[in-house]
Amino acid sequence: MKRTTVFVLFLLAGGLLFAQKPRPDAFPPAPDTLAPKALTMASTLEEMYQWNRYPTYNVYIDMMRDFADRYPELCHLDTIGLSIEGRLILSLAITGSSLTDVYRPEFLYSSTMHGDEITGFYLMLRLCDTLLRSYGTSPDITSLLNTTRIYINPLSNPDGTYHGGDSTVAGAWRYNSDMVDLNRNYPDPFGTPPLDSLQPENQAMIAYVERHNFLLSANLHGGSEVMNYPWDSFTSQQRLNEHSEWWKEVSKRFVDTCRKVDPMRFRDVNHRGYVNGGDWYVISNGRQDYFNYYHNMRELTMELSTSKKLSTHLLDHYWQCLSQSLINYIKEIHHLDDTTTEGIQLVDDRYCVYPNPTRGKVCIDTPQGGRSLDLSGRPSGVYIVNIDGHAVKIVKL
Ligand SMILES: [Zn+2]
C-alpha cells in the first residue's frame, strides 16, 4: 500500500457567485508605433542563442526541444495543443531537481496570443534559457526553481505570428488563422457570449489550465507598456477586483525594478505604469477575467513594449530592463496574501473526490475504500486537494 499525502490549500474566493452585464468595448487597442524597425530572423539555433533575433518557426521548435534535451532533470516539454494550421502550442515545464515529493505551487507565463505582439515571445525564450542555465550557480534562481513549478508558453498563437510564413515574423498579425481575436474569444464570466465559437488555440489553453493548478500567471502582450490588472470587464468604480490592492503593489514592484535599468519604460498609459484593466478600456471575453473568475488563479496582462513588433536591435535592451522583473513576478506566488497551507495525511493512490462544490464533507474514494475530509468548519472559498501530485479544486460553499 502506498502512502499518500494530501495537502489542502485554502484560497479566499470572494465574488465567485454573482454576475453583472458587461459593457461593450470602449475603444480599440493601442496602435503600433510607426518607428522604423528591423525584424532580423535567426534561421539556426546558434544564431538564436545570440539573442538579437526572432526565431523562425523551426528554430523556435528546435529551441524548445533543445531546452528539454539539455536539461532533462530540470524541464520537460508539454504540448498544449495545435493551432488551426497545425503548428505546435508548447509549454516548457521547469522545476528544480534537488527536492522530490514536495508541494510546489504552479506558475504560468503565456505570451503572444496576439500574434504580432512578439516582444514577449522573445523574452519568454530567453527567460527559459536563463532559468535553466542559472540553476545550480545562482542561489536565487536555484531556490526559485526548487520551490516552484514554472510553466512557460512563449507563443500561444503561432498561426498569427507566422501569418507571413514560417521563416519570418514580418507578416505577423493579431488574429489566429480564422481571423479571430483570441483575447475576445474566452467564455465571459459576466454574461456576454463570444461572437465566434471557442477557437482551438483557446480550447487547448483552457484544457491545459484545467489539468494544472496554477495559482499565479501572466499573459504577455505588446503595443503599450503597462501592467493591466483585473477586471477588464468593469471599471474600478463598477466593480473592484478583490485583490486590487495586491495587484497594485505587485505591479509597482515590477515597474520600479524595470525603471532601475531604464527610467523611461512604462509611461505611455500613465505615470504609474499600471492600471485597472477596465479603467483603461473595457473589453469582454478576454482571457484575464476568464481565468481569474473561473479558475481562481491570479492572472494579469503585461503590456511590455509600445512597439508590438519590437525592432531586433532593441530586444537585448528590453531583456535587460525586464528580466529581473519577470523573475521577481514568479516569486510573488510565494507571497499570495490569502493562501495558507496545511497537510492532511491519507492513504492510497487512486481516488475520486466528490461532491464539488460542497457545504461540508468531501469524499475521497480509492480502490481500497473511501476517506472523507470535513470542510464544514472552514470558511467558504476554494480548496486545493493535492494527492500524490494530482490536484483537485474543491469549492466550499
Ligand atoms: Zn495584445
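Reader: Which residue in strand 11 is the bridge partner of Asn228?

Author: This is a predicted model: local features need pLDDT of at least 70, side-chain atom pairs count only at pLDDT 80 or more, and totals for chains, interfaces and linings use all residues. Residues are numbered from 1 along each chain as its sequence is written. Strand 9 (residues 224-229) and strand 11 (residues 298-305) pair in the antiparallel sense over five bridges; pairing takes at least two DSSP bridges, and strands (E, at least two residues) and helices (H or I, at least four) are DSSP runs numbered from the N terminus. In strand 11, the partner of Asn228 is Thr301.

Reader: How far apart are the end C-alpha atoms of helix 6?

Author: The expected span of a helix is 1.5 Å times one less than its number of residues. For the twelve residues of helix 6 (residues 200-211) that gives 16 Å, and the model agrees, with its end C-alpha atoms apart by 16 Å.

Reader: What arc do the buried residues of helix 6 cover?

Author: Glu201, Asn202, Met205, Ile206, Tyr208 and Val209 are buried in helix 6 (20 or more other C-beta atoms within 10 Å of a residue's own; 12 or fewer is exposed, in between is partly exposed, and C-beta atoms are placed from the backbone). The arc is taken from the directions between the helix axis and the C-beta atoms. These residues sit on the same side of helix 6, because their arc is only 160 degrees.

Reader: And which exposed residues does the face turned away carry?

Author: The buried side of helix 6 is covered by elements including strand 4 (75-82), strand 5 (88-94), strand 8 (214-221) and helix 9 (287-294). The face turned away from that side carries Ala207, Glu210 and Arg211.

Reader: Is Phe266 buried or exposed?

Author: Phe266 lies in the loop between helix 7 and strand 10. Its phi is near 60 degrees, a positive value in a residue other than glycine. Because 28 other C-beta atoms lie within 10 Å, Phe266 is buried.

Reader: Is Met179 buried or exposed?

Author: Met179 also has a positive phi, of about 60 degrees, without being a glycine. Its place is the loop between helix 5 (158-161) and helix 6. With 10 C-beta neighbours inside 10 Å, Met179 counts as exposed.

How values were computed. Two residues are in contact if their C-beta atoms, placed from the backbone, lie within 7 Å.
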